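This report looks at charged side chains and how they pair. The sequence and model are shown first.

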Amino acid sequence: ATRWPASFAVLCTVPIPGSHPALRPDTRTVVSNVINPTIRRIAITRGTLLCELETVFDGMSAARSDGVHPTTCGDRLLADRWFQAVWPWFLHTAAT
C-alpha cells in the first residue's frame, strides 16, 4: 500500500499583478525581479515543490475582477496550475 506523507510543502510564485490604484508603481517589477526569484531559490535549495504562478493570468483579463484579485475563472486557472505542479509528485510518490 502507498504511504502518503502527512503533509508536504508547495511554494508558489506570485502572479504578476495587473493595474490597481492601491499598488505601488514598482509592484510588478518587485514581484518579477525580487520576490519570485527568491521563492524559486528557496524551493531549489530546500528541494520543495514549486508551482509557477507568475504568468498564470497572462492574456486573461477575465481572470481578475480588479486587476489583482481572481474571479471564479482566475480561481480555476490557479487550481489547474497548482494541480499540474503537484500531480507528478503524487505519481512519483505512489510509484516508490
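Is Glu54 buried, partly exposed or exposed? In this predicted model, Glu54 is buried, its relative accessible area being 14%.

## The pair formed by Glu54

Glu54 and Arg40 join their side chains in a salt bridge, with an N to O distance of 2.7 Å. The pair links distant parts of the chain, since Arg40 belongs to helix 1 (residues 27–46) while Glu54 sits in the loop between strand 2 (49–51) and helix 2 (72–95), 14 residues apart.

## A pair within helix 2

Asp80 forms a salt bridge with Arg76, and the closest N and O atoms of the two are 3.0 Å apart. Because Asp80 and Arg76 lie four residues apart in helix 2, about one helical turn separates them. Arg76 counts as exposed, at 56% relative accessibility, whereas Asp80, at 32%, counts as partly exposed.

## The pair of Arg24 and Asp26

The side chains of Arg24 and Asp26 meet in a salt bridge as well, at 2.7 Å from N to O. Arg24 is exposed, with a relative accessible area of 57%, while Asp26 is partly exposed, with a value of 30%.

## Overall count

The structure holds four salt bridges, among them the pairs Arg40 with Glu54, Asp80 with Arg76, and Asp26 with Arg24.

Terms used: Residues numbered from 1 in each chain as written. Predicted model: local features only at pLDDT ≥ 70, side-chain atom pairs only at ≥ 80, totals over all residues. Heavy atoms only, no water. Buried < 20%, exposed > 50% of the residue type's maximum accessible area, 1.4 Å probe, protein only. Helix = DSSP H or I, 4+ residues; strand = E, 2+ residues; numbered from the N terminus.
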